[in-house]
Amino acid sequence: MRSVPLIAVLAGCAVALVGCVSFIENTDADLSLPDAKAYTQTVERDIADALPADLVATMDQKETGVFLPCSRDGGEQWAGGLTAQMQSPVDAALVLGPIEERFAVDGKLALRRREDDEDSILEIVGHHHSAWIVRYDRETGAFRVTSFSPCIYLPEEVWRGDKY
């Protein structure tokens, strides 16, 4: 019978301690904006380079992007993207399979594949909230990469509403 009050006291202490834990941010304070953008666009190109060249009709990488909040303490992500059109609609395995193979060997990035509204989606996630969402529309043959840089602090001269 003594264990019930002890358990209640321990549970109360645990709840009180959780309230004292500070929120840990995942912002890379040492990464500059130009480097964050360059890294993100390099991975976009690596994704596109994994596509079978004979299947690609057109490709366009955005030169500018926008900023999105990624932390409670003012961290921002540069968001950009890349689009490609396949010669003709093909099976998703022919498009996403080579990308999965290329990035599966990189221990720094996590991969997850899923289906959404009959589109095949490959999520590639890296450090400090960086991510690349690869979506392939089998019906139209459209290939899109939406990218998000690592979470960084913007330099003072850059406004969040700017395109960069």
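**Exercise 1. Is Asp119 buried or exposed, and what is its relative accessible area?**

Before we dig in: this is a predicted model, where local features need pLDDT of at least 70, side-chain atom pairs count only at pLDDT 80 or more, and totals for chains, interfaces and linings use all residues. Residues are numbered from 1 along each chain as its sequence is written, and side-chain values use heavy atoms, with hydrogens and water left out.

*Solution.* 
- Step 1: Buried is under 20% relative accessible area, exposed is over 50%, and partly exposed is in between (1.4 Å probe, protein chains only).
- Step 2: apply them. Asp119 has a relative accessible area of 11%, so it's buried.
- Step 3: Asp119 belongs to strand 5, which covers residues 119–125. Strands (E, at least two residues) and helices (H or I, at least four) are DSSP runs, numbered from the N terminus.

**Exercise 2. Work out how strand 6 is held between its neighbours.**

*Solution.* 
- Step 1: strand 5 and strand 6 run antiparallel, with six bridges between them. Strands pair if DSSP finds at least two bridges between them. Ile121 sits opposite Arg135 here.
- Step 2: five residues separate the two strands in a hairpin, and His128 in the turn has a positive phi of about 50°.
- Step 3: on to strand 7 (residues 142–148), joined to strand 6 by seven bridges, again antiparallel. Asp137 has Ala142 as its bridge partner.
- Step 4: this hairpin has four residues between its strands, and Gly141 in the turn shows a positive phi of about 80°.
- Step 5: five of the seven residues of strand 6 (131–137) are buried, so the rest of the structure largely encloses it.

**Exercise 3. Describe how helix 2 and helix 3 meet.**

*Solution.* 
- Step 1: their axes come within 8 Å and cross at roughly 125°. Axes are lines fitted to C-alpha atoms, for helices over the stretch in contact, with angles from 0 to 180 degrees between N-to-C directions.
- Step 2: the two helices are therefore oblique to each other. Under 35 degrees is roughly parallel, over 145 roughly antiparallel, 65 to 115 roughly perpendicular, and the rest oblique.
- Step 3: Val43, Asp46, Ile47 and Asp49 of helix 2 meet Ile99, Arg102 and Phe103 of helix 3.

How values were computed
Contact = heavy atoms within 4.5 Å.
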